[in-house]
Amino acid sequence: MPINTLKVSRLSKHYGGLAALADVNLNARTGERRAIIGPNGAGKTTLLNIITGEVKPTEGTIFLGNRDVTSLSVHKRVNLGIAYTSQKNNLFDNLSVFENVCIAVQQHLGMFQHMLGFSESVEKVVDSALGLLNLVGLATEKKQLSSTLSYGQQRALEVALALATKPKVLLLDEPTAGMSPAETEEMVELIRNLPRLLTLLIVEHDMDVVFKLADQITVLHYGKVVTEGTPSEVRANSLVQETYLGQHKS
Ligand SMILES: Nc1ncnc2c1ncn2[C@@H]1O[C@H](COP(=O)(O)OP(=O)(O)OP(=O)(O)O)[C@@H](O)[C@H]1O
Ligand SMILES: [Mg+2]
């Protein structure tokens, strides 16, 4: 059984006088699908950026499985299994969908490839890239230039690029932002069909998406965890009802 746990302990991030995060604890089990919700400026992206290593915390520790990764570089964390998809477009527009995934697979395999023969190594990259395109539903678009994909398909391709690093934990920052209802539905299906032992942290504003995907929810407010628990526990919280569910009450 893999240990795809992520533990964040007593995490704080100060920007001058502003506490973007204050004493945040979070424990995600192997295969857990945890949504992180909270109003604009609550600290959600800051939390993900600290987990990837992009931003240094003022205080606190991050454990991937049993390993303390707090002082490791972004690159080392990717190699250990922390992957991230942001809203920035990280695709090569002038390459095909297939080539984009091959490059990501090849980059990750890089350090192992000298152990394989040339044809074996090409085969491995191709197989792995095709498997990922199937997983994210882009097999029939593989020859298209990535720039010709719809917005929703480009976001799906970015998930494939993140998966190419063989993550244990995948961080998704607003995976459905800017999508049409149909694209949102497809992204929800894609996320639902990800490997069951992959641990997911999903920052998301769309509460329908949150309730469809999450088995645990963490609510951030002004940098603090105000509540966490299963969707039904979080739904019952009065602050959550006022902030998010006001219009949803029937
Ligand atoms: N590099 C920075 N320098 C100064 N302040 C920052 C920096 N990055 C974030 N902040 C501040 O930290 C707080 C948390 O920001 P963050 O981007 O994490 O919020 P968020 O919950 O992701 O919001 P949103 O829902 O709008 O994406 C905000 O008040 C923001 O202005
Ligand atoms: Mg954000």
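## The sheet

Four strands line up as E2-E1-E4-E5 in an open, antiparallel sheet; strands here are DSSP runs of type E with at least two residues, helices are H or I runs of at least four, and both are numbered from the N terminus. Two strands count as paired if DSSP finds at least two bridges between them. E2 and E5 (67-68) sit at the edges, each pairing on one side only.

E4 (residues 59-64) and E5 run antiparallel and are joined by 2 bridges. Across that pairing, Leu64 stands opposite Arg67 in E5.

## About the model

This is a predicted model, in which local features need pLDDT of at least 70 and side-chain atom pairs count only at pLDDT 80 or more, while totals for chains, interfaces and linings use all residues. Residues are numbered from 1 along each chain as its sequence is written, with chains lettered from A and ligands numbered from 1 in the order in which they are written.

## Around ligand 1

The shell around ligand 1 includes Tyr15, Leu18, Lys44 and Thr45 (near means a C-beta atom, placed from the backbone, within 6 Å). H1 (44-52) and E2 (18-28) each supply at least two shell residues, and H1 has the largest share, 3 residues.

## Helix H6

H6 (residues 181-192) has 12 residues.

How values were computed: Expected span 1.5 Å × (residues − 1).
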